[in-house]
Every structure is written in C-alpha cells, then in structure tokens.
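Here is a set of questions and answers on one protein chain. Please look at the sequence and the structure first.

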Amino acid sequence: MLSYQHGFHAGNFADVHKHTILALMIEALNAKEKPWSYLETHGGCALYDLSDEQAQKTGEFLEGVNRLWGAEDIPEALQPYMEQVKAVNAEASLRFYPGSPSIAAMMARASDRLVVMELHPAEYQKVKQHFKRQPQMAVHHRDGYEGVMSMVPPKPNRGLVLVDPSYEVKTEYKQVAKFVKQLLGRWPNGSVAIWYPLLKAGHQQEMLDSIVSCGIRKVYQSEFFIKGSDSERMYGSGMLLINPPWQLDKKIDSVMPWLYQNLAAKEAGEPQSQWLVPE
Ligand SMILES: C[S@@+](CC[C@H](N)C(=O)[O-])C[C@H]1O[C@@H](n2cnc3c(N)ncnc32)[C@H](O)[C@@H]1O
C-alpha cells in the first residue's frame, strides 16, 4: 500500500524531532575525517514546498518547523538541523523544507556515500531528479528493507541507516524489528535510527520489546510529545537509536526542553530519553 505522501506532514513536530536527531548523528560522523555511508530505507522527497496544496491543507508545519524559524534563543544542538532548513530557503521567509535525504546530502563531504530507497513512483522521480547531479548519492526505486539489506555492510564501513516507514499497516512494526535484527547481524558496528509514531493504539511497544530483548546492545530511546496521550491523533514522535555516537544522549537532552516549551501543548507530557539497553 502506497497511499502515504510525506508532503502533507513535512516539517511537522515529528520531522523536527527526527531531523534534529538525524543532523546531530551526521554531525558526529563528520567529527572524524574517515568517510561514512548513509543508507535510508524510506526516502520520501528531497525537498518539500510548504506553500503547495499538500502542506497548506494540513498546515502541520505551522506547529513544527515554523515555530523554530526566526527564533533567536535556539539551543546550540538545534543548530545543525536549523542550518539545513536555512540552506534551502534563500529568502527571509520559510518556504521549503528539506527531507531526510537532503539533510544527509547537504551535510556529507565529498568522500561520503549515500543511498536512498523510495518505492512510490512519483516520489521516487522527484528524489531521483533532485540528486541527479550528485555523484555520491544513489537513489533506487526499490523496497527499502530489501534494498538496504542487500547493501550492508557498506563501504565505507562506518555510518548510519535511517528507517522511517509510514506504518500504514500495523504489521510494519514487526517488519522493522525483524529488519533491524538482521541488519545488525550483518553490520554490527552500524548506527541505526528508527522513527516511530506515538498513537493511542500503542503498536510501537511490540517493536521496541522485540528489539530490546534480542541481545542488541547500546539502544537509546528519545520520545517527544506534542499532545496528551489520550488524543485520537498522533500525540508524539519516537526515535530508537542503536549504536548512537558518543554523547549524542547529552545533546538530545540539551534540545528537548526547548522543543517542549515551544512546540508542545500544555497537556503534553515532558520529553523522555533513556538507555533501553546500555553498552
Ligand atoms: C515517512 S515517509 C519518509 C520521510 C523521509 N524519510 C523524511 O524524513 O524526510 C515514508 C516514505 O516511504 C515510502 N515507502 C513506503 N513503503 C516503502 C517501501 N517498502 N520501501 C521504500 N519506500 C517506501 C513512501 O512512499 C514515503 O515516501
């Protein structure tokens, strides 16, 4: 089923949470000269126009990235993310929003390698077109789980996999857990970032339990809530990080209070971050 289109949701609070952490992870990879690989199972588009019909219909970015745009008290650890948002907006106003493949590509150095999978034909065409002049970026019209699995361990051997499905069907939580276990079996030193929605139904818990109980070490969780957990809509955004870079937990802790203060409704719970499995 491919009915999900990220254009309706680009720049919302979940993107802010996910892309802030993504930018911090890439910043950490860039701290060493050694090149890295970035692999993404579900790429979406490269660039979203927030003035188009999809973004305007939901207006979700207004309660997400729009709250950061122009803010003067942004914490230091939010800057790597905001720099990428600014880089796609030449004007003083916020119009464009970079998807995860763009954030990774803009932060990459010449020796780094990027691979993005996207299965939706129209979204694939857009992302392929966007990167057509970037030799270090490969875009594939291919199932993200199968495509990424066939490319690990990658060369260069240090790097990151972003797993960002839409969870349109509830079996996807199981599929992600199975994929991640197999992936780390082939590439034990790879970092993995898995995004998941927080919904009343709580289906993510089965996925988290399955990953946590399988013997994988260094599993960190960050959850950010925008509404009360009794809401009928998505009330929060989760990121599960396996093998995160050193001190990423401290950086995440330093940005969450600001995001909570500026994005969350008053009935939302405070952000939570913890090691589910230590080293
Ligand atoms: C949540 S969006 C990705 C957003 C993007 N990662 C970002 O953060 O900017 C999920 C994308 O996955 C695509 N998709 C769905 N099933 C897929 C599959 N099995 N393999 C690859 N892409 C898939 C959808 O078409 C959609 O564009």
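Q: How many helices and strands does the protein chain have?
A: This is a predicted model, and its elements are numbered from the N terminus. The count for the protein chain is nine helices and 10 strands.

Q: How does the radius of gyration of the protein chain stand against the globule rule for 279 residues?
A: The C-alpha atoms fill a box of roughly 45 × 45 × 40 Å along the principal axes. For 279 residues the globule rule gives 19 Å, and the chain comes close to this, so it is as compact as a globular protein of that length. The radius of gyration of the chain is 17 Å.

Q: What percentage of the contacts in the protein chain with a separation of 6 or more is made by residues 24 or more positions apart?
A: Buried residues make up 44% of the 279 residues. Among the contacts with a separation of 6 or more, the share that joins residues 24 or more positions apart is 78%.

Q: Are helix 7 and helix 8 roughly parallel or roughly antiparallel to each other?
A: Helix 7 covers residues 172-186 and helix 8 covers residues 204-212, and their axes lie 8 Å apart. The angle between them is about 15 degrees, and angles under 35 degrees count as roughly parallel. Helix 7 and helix 8 are therefore roughly parallel.

Q: Which residues of helix 8 make the contact with helix 7?
A: Helix 7 passes helix 8 in a right-handed crossing. From helix 7, the contact takes in Tyr173, Lys174, Val176, Ala177 and Val180. The residues on both sides divide into six nonpolar, two polar and two charged. Those from helix 8 are Gln204, Glu206, Met207, Ser210 and Ile211.

Q: Which residues of helix 4 make the contact with helix 1?
A: Helix 1 (residues 13-30) and helix 4 (residues 100-107) pack at about 25 degrees with axes 10 Å apart, and that makes helix 1 roughly parallel to helix 4. Helix 1 contributes His19, Leu22, Ala23, Ile26 and Asn30 to the contact. The contact residues divide into six nonpolar, three polar and no charged. The residues from helix 4 are Ser100, Ile103, Ala104 and Met107.

Q: Why do residues three or four places apart in an α-helix point the same way?
A: The answer lies in the geometry of the helix. Residues at that spacing point the same way because of the number of residues a turn, which is 3.6.

Q: Which residues of helix 4 are buried?
A: Helix 4 is mostly covered, with seven of its eight residues buried. The cut-off for a buried residue is 20 or more other C-beta atoms within 10 Å. The buried residues are Ser100, Pro101, Ser102, Ile103, Ala104, Ala105 and Met107.

Q: Is Ile242 buried or exposed?
A: Ile242 belongs to strand 9, residues 236-242. Leaving aside neighbours within four places in sequence, Ile242 is in contact with Leu184, Ser191, Val192, Ile216, Lys218 and Val219. Because Ile242 has 21 C-beta neighbours inside 10 Å, it counts as buried.

Q: How far apart in space are Phe96 and Pro156, C-alpha to C-alpha?
A: Phe96 sits in strand 3, residues 96-98, while Pro156 is in the loop between helix 6 and strand 6. Outside the four places in sequence on either side, Phe96 is in contact with Leu47, Tyr48, Asp49, Leu50, Val88 and Asn89. Phe96 and Pro156 are 60 residues apart in sequence, and their distance in space is 31 Å.

Q: What is the phi of Lys218?
A: Lys218 is placed in the loop between helix 8 and strand 8 (219-225). With 14 C-beta neighbours inside 10 Å, Lys218 counts as partly exposed. Lys218 is not a glycine, yet its phi is positive, at about 55 degrees.

Conventions:
Residues are numbered from 1 along each chain as its sequence is written. This is a predicted model: local features need pLDDT of at least 70, side-chain atom pairs count only at pLDDT 80 or more; totals for chains, interfaces and linings use all residues. Axes are lines fitted to C-alpha atoms, for helices over the stretch in contact, and angles run from 0 to 180 degrees between N-to-C directions. Helices (H or I, at least four residues) and strands (E, at least two) are DSSP runs, numbered from the N terminus. Angles under 35 degrees count as roughly parallel, over 145 as roughly antiparallel, 65 to 115 as roughly perpendicular and the rest as oblique. A crossing is left-handed if the near helix is turned anticlockwise from the far one by less than a right angle, and right-handed if clockwise. Two residues are in contact if their C-beta atoms, placed from the backbone, lie within 7 Å. Ala, Val, Leu, Ile, Met, Phe, Trp, Tyr, Cys and Pro count as nonpolar, Asp, Glu, Lys and Arg as charged, and the others, Gly among them, as polar. The radius of gyration is taken over C-alpha atoms; the globule rule is 2.2 Å times the number of residues to the power 0.38. A residue is buried if 20 or more other C-beta atoms lie within 10 Å of its own, exposed if 12 or fewer, and partly exposed in between; C-beta atoms are placed from the backbone.
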